[in-house]
Amino acid sequence: MTPSAQPSRPNEQANFWKVFAAERYHGVSFTASLRTRVTVIGAGYTGLSTALHLAENNMDSVVLEAGEGGAGASGRNAGGLLAKWPDAAAEEIEAKYGKTAGHRLNGMVASSVRLVTRIIDDYATNADLRMSGIHLAAHNRRAVPRLMALATQWSDRSNPISVPEESAIPAALGTERYRMAVRFEQTGTLHPLSFTLGLARAYTGLGGQVLTNSAPTALFKVGDDWIVNTEKGTLSAEYVIVATDGFTNGRLPALDRCFYRLPVAMVCSSPVLEAGSIFGGSSKIPLGDSNSNNPLWFLIDHNSRLIASTLPRRRNRAGDGNPYQSIKKRFRRVYPSLPKLDWDYHWSGHITTTPDRCPRVFELDRRLYAPGGYAGQGLSTAVAVGKEFAKVIASSNAAVSDIPITKPRAVVWPKMISLAVKSIGFPALRLLDRFY
Ligand SMILES: Cc1cc2nc3c(=O)[nH]c(=O)nc-3n(C[C@H](O)[C@H](O)[C@H](O)COP(=O)(O)OP(=O)(O)OC[C@H]3O[C@@H](n4cnc5c(N)ncnc54)[C@H](O)[C@@H]3O)c2cc1C
């Protein structure tokens with residue numbers, strides 16, 4: 001992979017993926033008024049996948065993006081390609097949605113990593129995809145049965161997971177800290193921003209347009225058409241997909257009330273000479289802690305840099321304060337014998353979530369849809385949701401979607417609960433979770 005720029009010295013408060021992206025931006029500026037079949041708002045995985053799948057089916061669309069492609073979570077996440085729900089087990093989804101609908105939903109998630117790899121292959125995307133598998137580890141005895149159930153349930157749904165012998169776990173993970181782990185086999189990591197830009201390249205290669213720096217200023221209906229105004233021009237379309245992961249700058253209050261919003265911090269070290277001693281030797285299989293209340297995720301990139309996501313410190317409203325201290329402490333406890341690491345980059349992003357941490361697709365009005373709420377596990381799921389939109393639009397039938405499309409459902413006190421989790425929940429977890 002060729003870095004787009006080699007900084008003379010690392011810029012601490014920068015998104016590492018942006019500094020080392022192999023793909024390039026493919027947006028154009030918006031100067032005219034356009035008519036299209038579908039206006040997609042937001043150039044992240046959901047929006048670009050929707051547009052790409054529409055283009056593959058010869059359907060016309062335009063993507064409007066407030067910043068550059070990948071400005072949101074898709075360009076700043078932890079790159080973990082994991083086909084599972086953030087918190088729910090596959091059987092819980094079937095109990096909640098009914099056997100048939102739940103089965104379709106689980107199938108969508110189970111096949112989502114294969115969808116991502118198909119796109120990367122078909123469009124020769126330079127996304128540093130590594131299908132290494134991923135270890136999910138149990139930090140205490142109580143977490144073990146849930147992990148075992150996860151392994152059985154997903155393996156039964158074409159998403160193979162293996163369970164290493166207990167005696168093999170320290171060698172497999174490179175740490176004595178965990179008593180049990182499972183390995184998702186057909187999964188791995190990628191460069192999240194390069195994948196986003198690769199999606200944009202694939203879409204524009206099929207004739208699509210990504211109009212960057214073009215935030216909508218108004219959205220309204222004239223007859224059967226949806227009109228989206230920006231400062232630079234107007235788009236009219238049959239359908240609008242608001243693929244902003246629930247962010248609307250207050251312009252769609254009904255959608256604003258449907259999600260909680262939480263910050264996540266990312267850190268990246270200097271290249272680690274002893275990378276082979278992390279994650280159990282040369283395999284460099286990434287490690288996630290199955291404790292979804294206090295997530296911990298490590299991966300080693302192609303240059304042997306350690307990249308980790310962690311809870312942010314409460315320094316400012318974005319949770320952007322220097323998070324090295326907390327990650328250092330946790331890392332030291334999981335890998336006590338490693339020499340001191342130097343940290344080069346830190347950045348942060350926001351995730352949106354729902355009470356059950358499952359994503360939703362809302363029909364805000366006729367032919368106006370909004371997905372979101374991937375809860376920190378949206379990489380492949382968002383791509384899969386984009387494909388479902390293309391199916392819905394091609395058939396003019398919402399029932400063909402594997403993810404149910406429902407009326408908007410407000411969550412309880414979205415702002416207050418998000419603030420409480422950020423300001424009280426995260427700090428309390430850090431204090432109380434003695435494992436770290
Ligand atoms: C720090 C972090 C780590 C994560 N790690 C992982 C991981 O390891 N694995 C995983 O599966 N998931 C992970 N996630 C979650 C995953 O990144 C997201 O679920 C996914 O990227 C959501 O994609 P999206 O296209 O729906 O939203 P986004 O990527 O946020 O895209 C929305 C786009 O809409 C644009 N936009 C916003 N408002 C407007 C507006 N008003 N007008 C026009 N455009 C607008 C934004 O600029 C953005 O480009 C992580 C998220 C974060 C923040």
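Predicted model: local features only at pLDDT ≥ 70, side-chain atom pairs only at ≥ 80, totals over all residues.

**Ile241 and its surroundings**

Setting aside neighbours within four places in sequence, I found Ile241 in contact with Val38, Val40, Ile41, Gly47, Thr50, Tyr369 and Phe389.

Next I looked up the largest nonpolar core, which has 118 residues. Ile241 turned up again, among the members that touch the most others, together with Leu48, Val63, Ala181, Leu199 and Val240. Helix 11 gives this core its largest share, nine residues.

**Around the ligand**

Which residues are closest to the ligand? I noted Gly42, Gly44, Gly72, Gly349 and Gly378, out of 41 residues that surround the ligand. I then sorted this shell by class and got 19 nonpolar, 19 polar and three charged residues.

I also checked which elements supply at least two residues each to the shell: helix 2 (45-56), strand 15 (260-271), strand 19 (343-353) and helix 11 (379-395).

**Helix 5 against helix 11**

How do helix 5 and helix 11 pack? For helix 5 (residues 112-122) and helix 11, I read an angle of about 80° and axes 8 Å apart. Angles of 65 to 115 degrees count as roughly perpendicular, so that is the word I wrote down for helix 5 and helix 11.

On the helix 5 side I listed Ser112, Val113, Leu115 and Val116, which meet Ser380, Thr381, Val383, Ala384 and Lys387 in helix 11. By class, this contact has five nonpolar, three polar and one charged residues.

Note on methods
Residues numbered from 1 in each chain as written. Near = placed C-beta within 6 Å. Helix = DSSP H or I, 4+ residues; strand = E, 2+ residues; numbered from the N terminus. Nonpolar A, V, L, I, M, F, W, Y, C, P; charged D, E, K, R; others polar. Core = buried A, V, L, I, M, F, W, Y, C linked by C-beta atoms within 7 Å. Buried ≥ 20, exposed ≤ 12 C-beta atoms within 10 Å, placed from the backbone. Contact = placed C-beta atoms within 7 Å. Axes fitted to C-alpha atoms, helices over the stretch in contact; angles between N-to-C directions. Parallel < 35°, antiparallel > 145°, perpendicular 65-115°, else oblique.
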